[in-house]
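Me: I've got a structure open and a few "how do you know" questions about it. Can you take me through them?

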Amino acid sequence: NIADMEKIPGVTQIGDEFAIIGEGAEFPNFGVSEDYQHVTFKSKRGGIVPVTKEAVLFDLTGKLLDHCRRLGDYLGLNKEKRIIDATIDENAGAVSAVAGGHRYHWKDTSYASFQSTTPWINIKTGNGLVDYRDVENAWLLLVQITDPYTGEPIRIQPKHLIVTPQNVMSAYRTLRATNVQMHAGGYNASANVLDTHSPSPLGAVPVLQGLQVVTSQQLAARAGTDTDWWLGDLSKAVRYYSNWDISTEEAPANNSEMFRRDIIFQYKASEQGCAAVIDPRYLV
């Protein structure tokens with residue numbers, strides 16, 4: 001049933017099982033095993049805006065129908081908030097998929113996305129976004145997260161730097177800096193101070209090149225802070241599962257509501273889907 005919880009099948013990684021094979025010896029067999037997770041049921045959301053003949057007649061703004069036609073925009077806003085909540089694991093959706101939430105529900109167990117201990121560590125405190133060293137700290141944490149089956153570091157190239165609007169300028173300054181200046185020692189007038197200039201490491205390290213800054217006007221409010229930020233691959237961490245995307249309809253002329261109730265305009269917006277955390281190991 002497409003309206004129920006959905007089981008997402010998967011296959012484990014093989015890992016590094018290789019050993020030396022003697023001459024004429026038989027090659028060993030490697031294998032994989034079942035892996036799976038669940039995402040919650042896909043909920044239908046929507047509404048209808050009915051407008052009466054009197055409302056149109058006495059509208060002195062000239063904006064009534066235009067604002068009513070924005071119903072689909074606000075359904076999109078609702079969807080944006082839920083996707084943000086899944087990304088940062090906050091608010092009403094931060095419950096198990098069994099309870100209708102967005103949380104990572106892996107092999108019948110639900111996990112909060114951000115962990116400070118096992119089974120993975122992807123929280124870095126005291127690391128406000130100021131310069132390349134803060135990105136480095138987050139990246140070093142990300143590359144130490146291991147595959148639960150092989151024990152090897154997961155293979156990830158960070159693609160997204162997710163920030164609140166308050167951190168957008170800091171993010172671009174950090175990513176686009178062309179020069180880093182390091183001082184060895186202080187500025188004691190009697191000492192010779194070593195001053196070293198070099199290109200920004202973020203432009204030189206291939207794995208960190210091309211980071212995309214992602215933001216939303218809703219992010220700080222949904223997170224309850226304007227200083228948190230996230231590094232990783234959003235496309236591998238969170239997905240939106242949809243039966244149908246946002247659709248809008250306008251009621252035809254001469255419908256029964258127009259005849260019976262003088263409702264001369266009706267606008268409807270709807271969608272059915274859910275946001276789900278697919279693998280929180282891809283975000284710090």
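Me: Which elements each supply at least two residues of the lining of the largest pocket?

Reply: This is a predicted model, by the way. In it, strands S1, S2, S4 (104-106) and S11 (238-250), plus helix H8 (234-237), each give at least two residues to that lining. The largest share, 4 residues, comes from S1.

Me: What makes a residue part of the lining of a pocket?

Reply: Having an atom within 4 Å of a pocket point. For the largest pocket, with about 700 Å³ of space, 29 residues line it, and Gln13, Asp35, Asp147, Asp279 and Tyr282 are the closest to its centre. By class, the lining has 14 nonpolar, 7 polar and 8 charged residues.

Me: What about the second largest pocket?

Reply: That one holds about 390 Å³. It has 19 lining residues, and Ile123, Lys124, Asp228, Trp229 and Trp230 are the closest to the centre. Its lining splits into 9 nonpolar, 6 polar and 4 charged.

Me: Why is Phe18 called exposed?

Reply: The cut-off for exposed is over 50% relative accessible area. Phe18 comes out at 64%, so it counts as exposed. You'll find Phe18 in the loop between S1 (6-11) and S2 (34-39).

Me: And which residues form the nonpolar patch on the surface?

Reply: Phe18 again, along with Val11, Ile14, Phe30 and Val32. Together they have about 510 Å² of accessible area.

Key
Residues numbered from 1 in each chain as written. Predicted model: local features only at pLDDT ≥ 70, side-chain atom pairs only at ≥ 80, totals over all residues. Heavy atoms only, no water. Patch = residues over 30% accessible without salt bridge, like charges linked within 9 Å, V, L, I, M, F, W, Y side chains within 5 Å. Areas by Shrake-Rupley, 256 points an atom, 1.4 Å probe, with all protein chains shown as cover. Salt bridge = Lys/Arg side-chain N within 4 Å of Asp/Glu carboxyl O. Buried < 20%, exposed > 50% of the residue type's maximum accessible area, 1.4 Å probe, protein only. 1 Å grid on protein atoms, 1.4 Å probe; cavity = no way out; pocket = protein on both sides within 12 Å on 5 of 7 lines; lining within 4 Å. Points joined across faces, edges and corners; volume = space filled by probe spheres on them. Nonpolar A, V, L, I, M, F, W, Y, C, P; charged D, E, K, R; others polar.
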